[in-house]
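Take a look at the sequence and the model, and then we'll walk through a few spots together.

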Amino acid sequence: MNLNKSKKPLGLLRRRHNESRGERLLLPEEIPRFIGAVNSLENVTTRDYFLMLLFTGQRNRDVAGMTWEQIDLDRKNWRIPRTKNGTAEVLPLVEAAVTIVETRFHMSGRHPVYVFPKDDGSGPLWNRASAWRIVLKHAGITNLRMHDLRINRARGDGAAGVAFDAEAEHTAGRC
């Protein structure tokens, strides 16, 4: 006798697995430590990339592939031409993100296409896993993925969001 009436008996296991993927928010007390650890990175492009992930809450691939053509500094927004779901999105940028973009725009030797280019200039920045581990270790933070910064931004109306907004504004002048 089969007690499981589901046609896909493993579907329930997959659902439970997805519910506990380890997504988490940066706690209010972690935000200054995280930003301090990011700001201590020697590689300016990686530093700015991690901060932009935090300030925009966008996917790694979209931030890495950000081009100068997509940025409108007058309107303080970023047009992502094709998101994961296949549509375009115009994202207003917080002041801290605008400061990063403006600073990178005025850097000598900036890349002609990408805001966050690879060190050798051959394309967009990618695979910063080792730098991410260094940041987390320096900040004393465990179990945080780059993707979790999307969760922070999406749920920014809670206690962590209040701390994030205050820290983002405070950090804008230091980027």
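At roughly what angle do the axes of helix 2 and helix 3 cross? The answer is roughly 155°, and the two axes come within 9 Å. That makes helix 2 roughly antiparallel to helix 3, because the angle is over 145 degrees. Keep in mind that this is a predicted model.

Let's step back for the overall picture. The protein has eight helices and three strands. Reading from the N terminus, the elements go α-α-α-α-β-β-β-α-α-α-α. Of the 175 residues, 42% are buried. The accessible surface comes to about 10,400 Å², and carbon and sulfur atoms hold 51% of that. As for how the chain folds back on itself, take the contacts between residues at least 6 apart in sequence: 63% of these join residues at least 24 apart.

Now for the helix packing. Two packed helices are described by the angle between their axes and the distance between the axes.

| Helix pair | Angle | Axis distance |
|---|---|---|
| Helix 2 and helix 3 (residues 44–56) | roughly 155° | within 9 Å |
| Helix 2 (residues 30–39) and helix 6 (residues 129–139) | roughly 130° | within 8 Å |
| Helix 3 and helix 5 (residues 95–105) | about 155° | 9 Å |

Back to the pair we began with. On the helix 2 side, Phe34, Ile35, Val38 and Asn39 meet Arg47, Phe50, Leu51 and Leu54 of helix 3. Sorted by class, this contact has six nonpolar residues, one polar and one charged.

Helix 2 also packs against helix 6, where the axes cross at roughly 130°. That angle makes helix 2 oblique to helix 6, and the crossing is right-handed. Helix 2 brings Arg33, Phe34, Ala37 and Val38 to this contact, while helix 6 supplies Trp132, Val135, His138 and Ala139.

From helix 3 come Val44, Thr45, Asp48, Leu51, Met52 and Phe55, and from helix 5 come Ala96, Ala97, Ile100, Val101 and Arg104. This group has eight nonpolar, one polar and two charged residues.

Finally, a look at a couple of loops. Gly65 sits in the loop between helix 4 (60–64) and strand 1 (71–72). Is Gly65 buried or partly exposed? Its relative accessibility is 23%, so Gly65 counts as partly exposed. Beyond its neighbours within four places in sequence, Gly65 is in contact with Gln70, Tyr114 and Pro124. Gly65 and Pro117 are 52 residues apart in sequence, yet 8.3 Å apart C-alpha to C-alpha.

Pro124, one of those contacts of Gly65, lies in the loop between helix 5 and helix 6. With a relative accessible area of 27%, Pro124 is partly exposed. Leaving out neighbours within four places in sequence, its contacts are Ala64, Gly65, Tyr114, Phe116, Pro117 and Lys118.

Definitions and conventions:
Residues are numbered from 1 along each chain as its sequence is written. This is a predicted model: local features need pLDDT of at least 70, side-chain atom pairs count only at pLDDT 80 or more; totals for chains, interfaces and linings use all residues. Side-chain values use heavy atoms; hydrogens and water are left out. Axes are lines fitted to C-alpha atoms, for helices over the stretch in contact, and angles run from 0 to 180 degrees between N-to-C directions. Helices (H or I, at least four residues) and strands (E, at least two) are DSSP runs, numbered from the N terminus. Angles under 35 degrees count as roughly parallel, over 145 as roughly antiparallel, 65 to 115 as roughly perpendicular and the rest as oblique. A crossing is left-handed if the near helix is turned anticlockwise from the far one by less than a right angle, and right-handed if clockwise. Contact means heavy atoms within 4.5 Å. Buried means under 20% relative accessible area, exposed over 50%, partly exposed in between (1.4 Å probe, protein chains only). Accessible areas come from the Shrake-Rupley method with a 1.4 Å probe; for residues, only the protein chains shown count as cover. Ala, Val, Leu, Ile, Met, Phe, Trp, Tyr, Cys and Pro count as nonpolar, Asp, Glu, Lys and Arg as charged, and the others, Gly among them, as polar.
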